[in-house]
Amino acid sequence: MSWFESLILGLVQGLTEFLPVSSSAHLRLTAAFSGWEDPGAAFTAITQIGTETAVLIYFRKDIGRILSAWTRSLTDKRMRQDHDARMGWLVIVGSIPIGVLGVTLKDQIEGPFRDLRLTAAMLIGMGIVLGVADRLAARDESGGRHRVAKQRKELGDLSVKDGLIFGICQAMALIPGVSRSGATISGGLFMGYRREAAARYSFLLAIPAVLASGLFELKDAAEGGHVAWGPTAFATVIAFATGYAVIAWFMKFISTKSFMPFVWYRIALGIVIIVLVAMGALSPHAAESAG
C-alpha cells in the first residue's frame, strides 16, 4: 500500500464510519474503483481505532460519567439504578452479539462477505430499511391531520431487551454494505427511539466492539507481519481527524434533518455496483493486499 492510497483510504474511513452508508463497503469500493488491492478486513479494523478514538474524545464527558457510575455499581447495589450505571451495563449487553459473531464468522468476514455483489445487495436492502424507519419516526414526530404527534423514547427508556436488539443490529454490520450506524439507528427508530437517542447509543455501543476488533487485528498483524505499518498508521490518524469532524456535523444534522439523502445514495450506489459487476467492469472478488 502506498502513502497516497493510505491517505485516500483514511479519509474515506473517517468520512463514512459514522454516516449510515457503511465505511467497510466504501473502503472496499474505493480500492476496487481505483484498481488497488483490497485493503482487507484487518486494515478496516485497525483504522477504525482512529475513528473510535474520535468518539472517545467527542463523548468524553458522557463516557467519563458512565465509567464512574458503572464502576461504583459493582460494589454499591443502589448505584445500579443510576442512569449512567445502567448505560454501562447496557453497552456490555449490547456488545455480546457482535463479539460472539465476530469471532465465529471471522473467516467469512475476511472472505465471502467482501463480495461486491453482497455489498451492493446490503447497500440497497439496508437503505430501504433505513428509509422506512426514518419515515415512521417522522410520522410520529409530526403527527398528521387525524392524529397527534407521538412521544418517542429517550435513552433513559433503554431496557436490557432493547439493548440486546441494538446489539444484534450492530452485529449485522459485520457484512460490508450494512453500516454499523445505519443498522443500529434503524433498529432504534423501529423500537420507537428518537434519532439523536438512537445515534448516541449507536456510537457508545460501537466503542468496545470496534476497539476490541482493532486490537485483535493489531495482535494478528504483529504476529503475521502482513500489514504495511507506516501507511496503516497514517491512515488511522487521518481517519481520526476526519471522523471527529463528521461526528460533530452528523449529531447536528440528525436533530433536524431526514436520513433520506443517505437512503437514496445507498440505493443508487448499490445499483451502480450491480451494473458494473454485470458488465464486467468490476470484479466481485479481489485479492487482499499482502502489505
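**Helix packing, pockets and cavities**

1. Helices H2 and H7 are oblique to each other. This holds for a predicted model, in which the axes of H2 (residues 23–34) and H7 (residues 116–142) cross at roughly 130° and come within 11 Å. Angles over 145 degrees would count as roughly antiparallel and those from 65 to 115 as roughly perpendicular, so the value for this pair belongs with the oblique ones. The crossing in which H2 passes H7 is left-handed.

2. Which residues make the contact of H2 with H7? On the side of H2 they are Ala 25, Arg 28, Leu 29 and Ala 32, and on the side of H7 they are Leu 116, Thr 119 and Leu 123. Sorted by class, this contact has five nonpolar residues, one polar residue and one charged residue.

3. H2 also packs against helix H1 (residues 3–16), and here the axes come within 9 Å and cross at roughly 155°. H1 and H2 are therefore roughly antiparallel to each other, since angles over 145 degrees count as such. H1 passes H2 in a right-handed crossing.

4. In the contact of H1 with H2, the residues from H1 are Ile 8, Leu 9, Val 12, Gln 13 and Thr 16. They meet Ser 23, His 26, Leu 27 and Thr 30 of H2. This contact is made up of four nonpolar and five polar residues, with no charged residue.

5. A further partner of H1 is helix H11 (residues 229–253); the two axes lie 7 Å apart, at an angle of about 30°. That makes H1 roughly parallel to H11, because angles under 35 degrees count as roughly parallel. The crossing of H1 with H11 is right-handed.

6. The contact of H1 with H11 draws on Trp 3, Ser 6, Leu 7, Gly 10, Leu 11, Gln 13, Gly 14 and Leu 15 of H1. Facing them in H11 are Gly 230, Pro 231, Phe 234, Ala 235, Ile 238, Ala 239, Thr 242, Gly 243 and Val 246. By class, the contact of H1 with H11 has ten nonpolar and seven polar residues, and no charged ones.

7. Turning to the open spaces, the largest pocket holds about 680 Å³. It is lined by 32 residues, of which Ile 98, Ile 109, Leu 174, Arg 180 and Ser 213 are the closest to its centre. The lining divides into 14 nonpolar, twelve polar and six charged residues.

8. Which helix supplies the largest share of the lining of the largest pocket? That helix is H10, with seven residues. At least two lining residues each come from H2, H3 (40–58), H5 (83–104), H6 (106–110), H9 (180–190) and H10 (195–224).

9. The second largest pocket contains about 250 Å³ of space. Its lining consists of Leu 56, Ile 63, Ile 66, Leu 67, Trp 70, Gly 88, Val 91, Ile 92, Ser 95, Leu 204, Ile 207 and Pro 208. Helix H4 (60–73), H5 and H10 each contribute at least two of the lining residues. By class, the lining of this pocket has ten nonpolar residues, two polar residues and no charged residues.

10. How many cavities of 30 Å³ or more does the structure hold? There are two. The second largest cavity has about 40 Å³ of space, and Glu 17, Phe 18, Glu 52, Arg 180, Ser 181, Ser 202, Phe 203 and Ala 206 line it.

11. H9 and H10 each supply at least two residues of the lining of the second largest cavity. The largest share, three residues, comes from H10. The lining of this cavity has three nonpolar, two polar and three charged residues.

Definitions and conventions: Residues numbered from 1 in each chain as written. Predicted model: local features only at pLDDT ≥ 70, side-chain atom pairs only at ≥ 80, totals over all residues. Heavy atoms only, no water. Axes fitted to C-alpha atoms, helices over the stretch in contact; angles between N-to-C directions. Helix = DSSP H or I, 4+ residues; strand = E, 2+ residues; numbered from the N terminus. Left-handed = near helix turned anticlockwise from the far one by under 90°. Contact = heavy atoms within 4.5 Å. Nonpolar A, V, L, I, M, F, W, Y, C, P; charged D, E, K, R; others polar. 1 Å grid on protein atoms, 1.4 Å probe; cavity = no way out; pocket = protein on both sides within 12 Å on 5 of 7 lines; lining within 4 Å. Points joined across faces, edges and corners; volume = space filled by probe spheres on them.
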